[in-house]
Amino acid sequence: MKRILLLLFAAATVACGRYGAGVPAAYEPLLDAALAQSSRSDSLRALLRETPRSDREAMACLIAYMPAGDRDTMRLDLLRENVAYACRARREFGWCRTLPDSVFLNEVLPYAAVDEVRDAWRRDFYDRFAPMVAACTDLRSAAETVNRALRDVVGVDYNTAREKTNQSPAESMRQGMASCTGLSVLLVDALRAVGVPARFVGTPAWHDDRGNHSWTEVWFDGAWHFTEYYFPGFDSAWFHADAGKAVPGHAHGIYAVSFRPTGDWFPMVWSEDSRAVHGEDVTQEYVAGYAAAAGERLEAGTHVPVRFVMFRDAAHASASADRVAANVDVFCEGLQTGGGRTAGPLQDMNDCLTFLLEKGRTYAFRYADARGEAAEVAVTVGDEPMTVTGYME
């Protein structure tokens with residue numbers, strides 16, 4: 001009997017592994033390497049042991065993959081709360097329970113969207129949004145419900161006067177303002193708080209170097225779908241045409257953040273030399289997605305190509321040398337639907353800024369004239385392709 005008990009004890013010890021029951025053996029070498037490089041490995045080991053068995057894999061995942069700076073400095077109570085509420089959301093919401101482990105661990109569990117200050121947002125956002133999604137039955141409806149309510153709940157609007165680009169939720173809510181980066185962080189975190197897989201996405205520069213942008217992707221129906229703060233819909237945004245012209249690579253590509261290492265990094269315009277945030281190049285998905293959407297609209301006959309050209313003035317509006325390169329934004333009923341940069345005097349005359357716009361609707365093309373003042377050309381789109389002209393003077 002004694003021999004049998006010893007064998008059972010030995011078997012249980014092996015099953016539990018070096019980091020206790022609930023931690024898959026695959027994490028052991030990752031944890032060994034991470035803890036060997038941490039100045040507070042004993043505290044992290046204790047935190048892992050104290051984590052409930054049902055949540056221990058989640059804690060092991062965070063410790064194994066978290067940036068070295070976080071392992072040494074992040075408040076342990078934040079880690080504990082983050083794991084507890086992420087796992088609570090998984091148990092509570094059916095859409096989260098059925099997620100693949102790989103998606104839950106990489107796009108619901110992480111405590112950060114990019115490299116922002118590490119805030120205690122998880123419990124706060126769970127308390128705010130869990131009651132709102134209680135009646136939802138799937139990921140898409142839960143995501144739309146959160147995004148529809150988010151602005152009014154957190155009281156944050158887009159404003160270039162914000163303190164910095166990569167603001168945490170607390171920093172943005174304190175100011176009531178954020179850039180597209182800060183707004184995307186808010187949306188990612190709010191979605192994750194109720195078990196909806198979300199990730200931060202962006203480009204360091206559009207194909208025409210007109211600027212950068214950040215947004216959010218949500219996982220449902222087995223694929224990633226893009227959306228933005230303020231706009232609860234999916235796969236249709238003002239930047240879709242720009243994204244369709246993106247070029248793979250860090251200069252003009254589109255990247256999605258990953259908590260797990262990918263072998264690549266997310267290019268951050270606010271920290272250009274940093275390689276600390278893992279990333280995945282998703283450019284081709286956007287190029288292919290826009291091409292398919294444009295083809296469907298043309299085939300359906302609901303949209304037509306509209307070219308926009310910019311000249312010096314009405315007296316100089318025929319020769320290539322008279323053309324002016326300028327940034328143009330397109331609005332319909334007060335909402336931005338597109339944007340781009342017009343061709344300059346050295347570009348081919350056939351090279352024109354072109355938008356695919358819906359028939360029968362009125363669009364405003366807005367730009368800054370030679371004096372730096374706001375200018376606008378408004379047109380109603382007909383049944384045939386058309387050219388719209390703007391003048392700098």
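Modeller: Start with Phe-231. Its relative accessibility is 36%, so Phe-231 counts as partly exposed (buried is under 20% relative accessible area, exposed over 50%, partly exposed in between, with a 1.4 Å probe and protein chains only). This is a predicted model, where local features need pLDDT of at least 70, side-chain atom pairs need 80 or more, and totals for chains, interfaces and linings use all residues. Residues are numbered from 1 along each chain as its sequence is written, and side-chain values use heavy atoms, without hydrogens or water.

Where does Phe-231 sit? It lies in the loop between β5 (223–227) and α13 (240–243). Helices (H or I, at least four residues) and strands (E, at least two) are DSSP runs, numbered from the N terminus.

Next comes Thr-337, in strand β10 (residues 335–341). At 35% relative accessibility, Thr-337 is partly exposed. Thr-337 touches Trp-238, Val-330, Phe-331, Cys-332 and Tyr-363, leaving out residues up to four places away in sequence. Touching, or contact, means heavy atoms within 4.5 Å. Gly-289 is 48 residues from Thr-337 in sequence, and 17 Å from it in space, C-alpha to C-alpha.

Now go inside. Arg-90 belongs to helix α6 (residues 76–92). Its relative accessibility is 17%, so Arg-90 counts as buried. The Arg-90 side chain reaches the backbone oxygen of Leu-99 at 2.7 Å. Beyond four places in sequence, the residues touching Arg-90 include Cys-96, Pro-100 and Phe-104.

Another arginine, Arg-71, is found in helix α5 (residues 68–73). Arg-71 is buried, yet has no salt bridge (a side-chain nitrogen of Lys or Arg within 4 Å of a carboxyl oxygen of Asp or Glu). Asp-72 has the nearest side chain of opposite charge, 5.7 Å away. What does the Arg-71 side chain lie 2.7 Å from? A polar atom of that side chain lies 2.7 Å from the backbone oxygen of Met-66. The backbone oxygen of Ala-34 is 3.4 Å from a polar atom of the Arg-71 side chain.

Definitions and conventions:
Lys and Arg count as positive and Asp and Glu as negative; His and the chain ends are not counted. A polar contact is a pair of N or O atoms within 3.5 Å; within protein, one must be able to donate a hydrogen and the other to accept it, and residues adjacent in sequence count only if both atoms are side-chain atoms.
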